[in-house]
4 protein chains.
Amino acid sequence: MSNSYGTLFKISTFGESHGPAIGVVIDGCPAGLTLDEAFIQTELDRRKPGQSKITTQRKEDDTFKILSGVFEGKTTGTPLAIVIENQDQRSKDYSHIAETFRPSHADYTYEAKYGIRDYRGGGRSSARETAARVAAGAVAKLLLQRLGVTIQAYVSQVGDIKAPHYTQLDLNKTEDNIVRCPDPVVADQMIALIDQVRLDRDTIGGLVTCVIQNTPVGLGEPVFDKLHAELGKAMLSINAVKGFEYGSGFDGIRLRGSAHNDEFYTEGGRVRTRTNHSGGIQGGISNGEDIYFNVAFKPVATIMQDQASVDKHGHEATVSGKGRHDPCVVPRAVPIVEAMAALVLVDFLLRNNAARSI
Amino acid sequence: MSNSYGTLFKISTFGESHGPAIGVVIDGCPAGLTLDEAFIQTELDRRKPGQSKITTQRKEDDTFKILSGVFEGKTTGTPLAIVIENQDQRSKDYSHIAETFRPSHADYTYEAKYGIRDYRGGGRSSARETAARVAAGAVAKLLLQRLGVTIQAYVSQVGDIKAPHYTQLDLNKTEDNIVRCPDPVVADQMIALIDQVRLDRDTIGGLVTCVIQNTPVGLGEPVFDKLHAELGKAMLSINAVKGFEYGSGFDGIRLRGSAHNDEFYTEGGRVRTRTNHSGGIQGGISNGEDIYFNVAFKPVATIMQDQASVDKHGHEATVSGKGRHDPCVVPRAVPIVEAMAALVLVDFLLRNNAARSI
Amino acid sequence: MSNSYGTLFKISTFGESHGPAIGVVIDGCPAGLTLDEAFIQTELDRRKPGQSKITTQRKEDDTFKILSGVFEGKTTGTPLAIVIENQDQRSKDYSHIAETFRPSHADYTYEAKYGIRDYRGGGRSSARETAARVAAGAVAKLLLQRLGVTIQAYVSQVGDIKAPHYTQLDLNKTEDNIVRCPDPVVADQMIALIDQVRLDRDTIGGLVTCVIQNTPVGLGEPVFDKLHAELGKAMLSINAVKGFEYGSGFDGIRLRGSAHNDEFYTEGGRVRTRTNHSGGIQGGISNGEDIYFNVAFKPVATIMQDQASVDKHGHEATVSGKGRHDPCVVPRAVPIVEAMAALVLVDFLLRNNAARSI
Amino acid sequence: MSNSYGTLFKISTFGESHGPAIGVVIDGCPAGLTLDEAFIQTELDRRKPGQSKITTQRKEDDTFKILSGVFEGKTTGTPLAIVIENQDQRSKDYSHIAETFRPSHADYTYEAKYGIRDYRGGGRSSARETAARVAAGAVAKLLLQRLGVTIQAYVSQVGDIKAPHYTQLDLNKTEDNIVRCPDPVVADQMIALIDQVRLDRDTIGGLVTCVIQNTPVGLGEPVFDKLHAELGKAMLSINAVKGFEYGSGFDGIRLRGSAHNDEFYTEGGRVRTRTNHSGGIQGGISNGEDIYFNVAFKPVATIMQDQASVDKHGHEATVSGKGRHDPCVVPRAVPIVEAMAALVLVDFLLRNNAARSI
């Protein structure tokens, strides 16, 4: 009962990795938006499997079909239903886990919670579900384009290899390489590392940084739905995420207030801050400065090695990865992070609309 | 429009720092719970101001009154309304910020969002609001006691001073000192640091670690309301929080899957994991192992020093901290973190109830 | 878990008939509204007990206190908490029903559902809860005043005595008599009937009609939250209500489409309908014509006569009304109906705001 | 933003009359339910167009496809997505209303609210959307079957022709005739009337009565989500509904309390009432007696006659019904009423589950 996200721009996703289709229903999209289907496909292509040597080799075109909510190319204010059929299921790859729990996967917890699970490809717990989020996020991005808001995520760390701070990068270069790091030298190192990990039949973690620019002042709702709280939840709901920080984040622990506080000044009639430890958010509300945050991803749980485990009956068992999997999830996570950020922002924009005087 | 938290055990808080009262309405508390009022007061006392030399000297008893939902000492299934009157408001301390924005506070963003703000003591953006959360969290803890679930938070870092990993600590010693760190030697160092910072008229950040033990398997709702996503949102909604991580957290970035995966085994008929990088959560659902997570707090924004800022009219201004404030927020944040964790768990327990077959 | 109403202008009520207080938290009230407290009191006075010979003689001033959300006389966008203390509880009047179920009351169903009930004055099931709704509805009315929307309810039937159709009445005369029927002759008949019923130690049902004028076009949300569906739910949630109809209502069953359809024409550049069987709502959305609906109230269940019943142990028992009760509920229901209608309209206005393009 | 219904068994419908498909996502269906697809089809067949001479002649098989949430024939606790493709769209039948508003339809209000509308077949405002509800309701019915709860609706009035009270009918005979009235004599009269109306190129209103038997005690949530309030909203959200009443309903206005009250007695250890003016609901909570209610439907707005209207530009226009429409909606409304009732009941059953102690 939590397959929906958002309060006013609400998405409901459905679908399993190896079922007939996955998809999303978007409720609350304002009427009159020209729906650029090519853009939605571009976003899906950034996430789809099989796009490079460092991603899973499962082949899915991830072409989508819009079943409702659009008339003569524009949204009508009624729900948009978007469906993506599954094509390249090789469910037989998964028969070995019908009875056995893969370490650090959701097999055991789904079985314990529901008493039944679709084990094929991880079923509902598969990151395939995120394609539906990317499709919905693309619609959200189209709305944000009207305001000039930009959301740009990139891979900022793989294993121990780190990119420089975002202010030292050209974020328009993220798509120039397969690992999606805008620093070409660091990108090469990351690619080499992932490739080595893949050859080792292993996996590795990584970090995605997201930068949102040109945000209106005033997004975020005290006290529980603070902008960063909602961004945090949205990011933590993505498969394999272990942590979230914004602005100074965990480094802020070490600082003193006198060093951490962002002094105000006025520039061109606009209130601004000289530093931005706040990450563009104060009191849970955007202040117009850049919003930036980090999302930590663990190494993918499926490795091509034997691991000790147990089966449904509590007996010892050995599991080895089969199927087709990513050695490192972050390159494909970049559009997912952006999509979730877009959904959060649009929802808060609509909530701000709602709070206008009547 | 987000002063409520929870789906089935829903709390709605209200109140400003210097208004007549703050409070909370709890909707969804099961009937028949013996309401231990002394326990609620104990929890409020752990959070209240003025409890030691390293906290703000504002004096508030934080005594509460229950207006509804209890009959002959037991909950009736109807809403519990709990009110805490404000006593020691010194609103004149705040007249200097009626027109001026304190750096890294919510003054500017509230003004921009609402066009009006109660500047006295920070109004709604004051951490005083968290007293209402602690009261509600105490009720949630009473429910969790029935299952033997324990939630224990403590201060694990202040500035650069860190406590050992939780598995090397006796968490029952947290309340033995005023900084709420269960390691007495580290605690003394932390207290000394905070005291120095206070004398420097400055503030400092810190880290709270929370450990939840004896959790039932199966808490958390795929796909958006994953247990850690909801914990993350709950923690990030607390004033001054900048980051959240659970299990291996940000350190998980560096690990390979072969090192990070938690192998399963069976112990006494129960499925367990040999390591716990998962932090007790797999696929967003609790697996019965310890849940542990870290919450990063920035240094308190109010410092007793002059800072550059601007006023409502965009003119340059100087702000200096007045009023009574904490030099470091984490000692008082410990019960708040526990309260929010309790609210998250109870909500998921009720959601599990709901999903039972009919 | 349903003590809240509304999606964007959300109210949460609390309190029992004989507990310390009842009240309401309003979340989502736009900032900057001048809060006319005298008006709120006037509305509460219209609902309060003891106001005339045909209402219960319980004495409650129903004076309220605002605990939060207002600063210098204006709303701040944060939650408004309004509390009304209970004064004239005579709980001993109710000891006879601690163990026995009053016929057609909620005693049995509360006991069965919760396993515990506050029997004093009906506890949470008492219509006293509606005072909190009236207070919240008064705030909603203040918002509607800005748009010139008027909501006017009146008593249109008591027993078999009926008032003429609303178009033949001067709705400004409703408050001219104690039964709140704008036709003075009919009002006298109604008062005489209620008085007779009271002397007979009995009670009688009635009908409230509500007329909303000057509504903007476009309120109501397809497909589930149609304007009339939400009005219907709001009205049916009021104690003792048995039915709801709008526009042609149940009489529409008999009509043919050719007679029932409301033809469009243009008047002063505005699209209007020549007839109004639609009751101002088409496809669940307001069309700008008068919205009108009827709300049927059963006779109050508490009568001053012996009735057969059973006790908690299933034994036969006799119950006779004690306490102080209304012989007919509709005169006091008028402001409650208006309050709920105001809450529905404001919520839809905010939802329309939200759907504006961004 | 209200295309979802339910709190714990939540359905989200999508689709337009002449778009590619309509459908529904069900979130919150408990795991382990054997999904009887033949039963779902049977329910859809009861609602589908073209089933008899007194219904519209549009031909839709209304065959459905389940895209997710089922594994090896059982529900898995993840969302069920059900899609029904549209087949027999004759959109050219509707070009005449692209610019003109049909009287008493939603054309004008949709245009005014959204600034754009899919006019083909009424777009989203078409009753075709209710097929998605019937599919979801069928799943809800499968859950209710486990408890032995039965929901039986039937046509109780067409124009002035009325069936006897439900207690005098054999509700198992409802499907024996095309008008769905269990009294064969009255049914014949109804059919003759509808046929005459159809020949007159007109339409007529009707009444559906619904009876729910074997309901557990305790369904319904004080104070806003009373069982009858939620049933009322659910019914009023169905196209063409103008009124709702339960138990004594509008007739209760005339009664005195002494006649209206339902005295309690004990039968076989169970608390029962001798009469049932309460309609099985007291204080908003089911008491175990039969729940019965009436739903009033207006005559279908589309008639095969010229009617005066206006176009988008405010000019006078004449509209005549084209397309294929029902002369009377109630025979096909019977399964829709049942479906919505089933959804309401299942939701409350899950909410009762949730409120169990933990």
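1. Ala301(A) is placed in the loop between strand 16 and strand 17 of chain A; strands here are DSSP runs of E with at least two residues, helices are runs of H or I with at least four, and both are numbered from the N terminus. Ala301(A) is buried, since 25 other C-beta atoms lie within 10 Å; buried denotes 20 or more such atoms within 10 Å, exposed 12 or fewer, and partly exposed the range in between, with C-beta atoms placed from the backbone. Residues up to four places away in sequence aside, Ala301(A) touches Arg102(A), Pro103(A), Ser104(A) and His105(A), together with Gly257(B) and Asn261(B) of the partner chain. Contact requires C-beta atoms, placed from the backbone, within 7 Å.

2. The model is predicted: local features need pLDDT of at least 70 and side-chain atom pairs count only at pLDDT 80 or more, whereas totals for chains, interfaces and linings use all residues. Residues are numbered from 1 along each chain as its sequence is written, while chains are lettered from A and ligands numbered from 1 in the order in which they are written.

3. Pro299(A) belongs to the loop between strand 16 (291-297) and strand 17 (306-310) of chain A. Its 31 C-beta neighbours inside 10 Å class Pro299(A) as buried.

4. The unreviewed UniProt entry lists both residues under "binding site", among others including Arg124(A), Asn239(A), Lys298(A) and Arg324(A). The listed positions span 201 residues of sequence and are also spread in space, up to 43.8 Å between C-alpha atoms. UniProt positions follow the numbering used here, feature names are shortened, and annotations may be inferred rather than shown by experiment.

5. At the interface, 88 residues of chain A are in contact with 88 residues of chain B. Helix 5 (residues 227-236) of chain A gives the most to the side of chain A that touches chain B, with six residues.

6. Strand 11 (residues 241-246) of chain A and strand 11 (residues 241-246) of chain B run antiparallel and are joined by three bridges; pairing requires at least two DSSP bridges. Within this arrangement, Gly243(A) stands opposite Glu245(B).

7. Chain A superposes on chain B by a rotation of 180 degrees with 0.0 Å of shift along its axis (RMSD 0.0 Å). The two copies are therefore related as by a two-fold rotation axis; superposition is by least squares on C-alpha atoms of residues with pLDDT of at least 70 in both. Because 100% of the interface residues of chain A are also interface residues in chain B, the copies meet through the same surface.

Notes
Two residues are in contact if their C-beta atoms, placed from the backbone, lie within 7 Å.
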